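Me: I would like to learn how to read the way parts of a protein chain pack against each other. Could you take me through it with an example?

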Amino acid sequence: MASRQRVTILGATGSIGQSTADVLALHADAFAVDTLVAWRNTEVMQQLMQRLQPRCVVMTDEQAAASLLAPCQSLGIELQSGMEAAIDAAADARSDIVVAAMVGAAGLPATLAAVAQGKHVCLANKECLVTAGRLFMQTAATAGARITPVDSEHAAVHQALCGHDRQGMRKIILTASGGPFRNRSLASLADVTPEEAVAHPNWDMGAKISVDSASMMNKALELIEAHWLFDVPASQLDAIIHPQSIVHAMVEYQDGSVLAQLAMPDMRSPIAYALRPELRLASGIPWLELASQQPLEFMAIDEQRFPAMRLVREVMRGEDVLPVVFNAANEVANAAFRQRRIRFVDMLPLVEQALSLASDGRLDTLDAVWALDRQTRLQTEELIARA
Ligand SMILES: NC(=O)c1ccc[n+]([C@@H]2O[C@H](COP(=O)([O-])OP(=O)(O)OC[C@H]3O[C@@H](n4cnc5c(N)ncnc54)[C@H](OP(=O)(O)O)[C@@H]3O)[C@@H](O)[C@H]2O)c1
């Protein structure tokens, strides 16, 4: 029997991390868990430790790590703490595959460390590519890293591109559900609560991405992600609303054919694909019964309702600075909305203001990316405080 591939999960306690655990549990003969990394959710981490029996656990929060000392000792699991330990775990030679599922740009250093070691990286953390797409893809090419997308739309594109000459490709079309506010009156958007915004109609996801989905910022970030992952210019990238979230993306070819990937909206399917694309592993999701589905609908995105789609076009016309500002300002605005410090409708104007303060240009080092990320976060907090 071939030896099992060893998997490290960055962001193990989150929505993607736990769905990855479900898929790995289905294939215990093919995968072993090396390291589980999270921030401070010790309750879920303890459940994962029992279930997956990792070699090592890293909590980036020191206190959280301290509270896992006894359970790790009793299970014979190595325990580490701090972000440096997370970065070391991502680069550790004992793992073959790294599932990058931390949320936000905070996931960039560890994910980039895995890429620099030439690992197979299953990438959920789209903010990495939005923030440092050029450096990330250059590092991957130099190190020979394999990057497989976990985001359902990008996993769908990956499949629809497979085996076809790029010359024949006309356009990539990502689908968007439209989120919980697709049909809500524009005037009433000022009053939506964080609870309403995270209640996604089709997907069960973490809080940050759920709010991003409600504002369509998620789709905007995904367009930038697709640009870097598939080396496709903005002019060949599009998005369309598909409320049922059954068709995850489409690739249109010069001969007029459109190849789409369909599946029930459940992240276990793209995760199973990303882990071993060539094997089409079982994922445990329900079968798609098209005859008993609601009709599949498609419609154009209204940019007045979803200004993120207008803004991302400007951002994609620029170089490296604008995407960093776009992402960092959004992370601050998204968190401020969830903390009830600003309204839902304040998020995109804040991002737009932050963009208007930036001068675009190239960023050739990670230090330059971080300096701009930090400066944008401070500026956006100031804008919130002044409002
Ligand atoms: N959820 C989805 O369906 C979905 C679909 C496509 C793409 N994605 C992408 O996947 C990523 C994760 O999304 P999610 O929905 O799974 O998020 P989530 O449920 O909020 O989980 C985030 C994970 O990241 C960890 N984390 C956050 N900050 C950290 C830090 N400083 N150090 C170490 N760990 C940290 C969290 O640890 P604690 O639990 O300890 O706080 C948690 O394990 C995002 O980039 C998102 O855009 C998600």
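**Domains and a helix pair**

Reply: The C-alpha centres of domain 1 and domain 2 lie 24 Å apart. The domain assignment, automatic or from a database, gives domain 1 (5-149), domain 2 (151-303) and domain 3 (318-387). This is a predicted model, in which local features need pLDDT of at least 70, side-chain atom pairs count only at pLDDT 80 or more, and totals for chains, interfaces and linings use all residues. Residues are numbered from 1 along each chain as its sequence is written.

Me: How many residues of domain 1 and domain 2 are in contact?

Reply: Two residues are in contact if their C-beta atoms, placed from the backbone, lie within 7 Å; here 24 residues of domain 1 are in contact with 25 residues of domain 2. On the side of domain 1 that touches domain 2, the elements that give two or more residues are helix 1 (15-26), helix 7 and strand 7 (146-149), where helices (H or I, at least four residues) and strands (E, at least two) are DSSP runs numbered from the N terminus.

Me: At what angle do helix 7 and helix 14 pack?

Reply: Axes are lines fitted to C-alpha atoms, for helices over the stretch in contact, and angles run from 0 to 180 degrees between N-to-C directions. Helix 7 (residues 126-143) and helix 14 (residues 321-338) pack at about 150°, with their axes 7 Å apart, and are therefore roughly antiparallel (angles over 145 degrees).

Me: Which residues of helix 7 and helix 14 meet?

Reply: Glu127, Val130, Thr131 and Gly133 in helix 7 meet Pro323, Val324 and Asn327 in helix 14.

Technical notes:
Angles under 35 degrees count as roughly parallel, over 145 as roughly antiparallel, 65 to 115 as roughly perpendicular and the rest as oblique.
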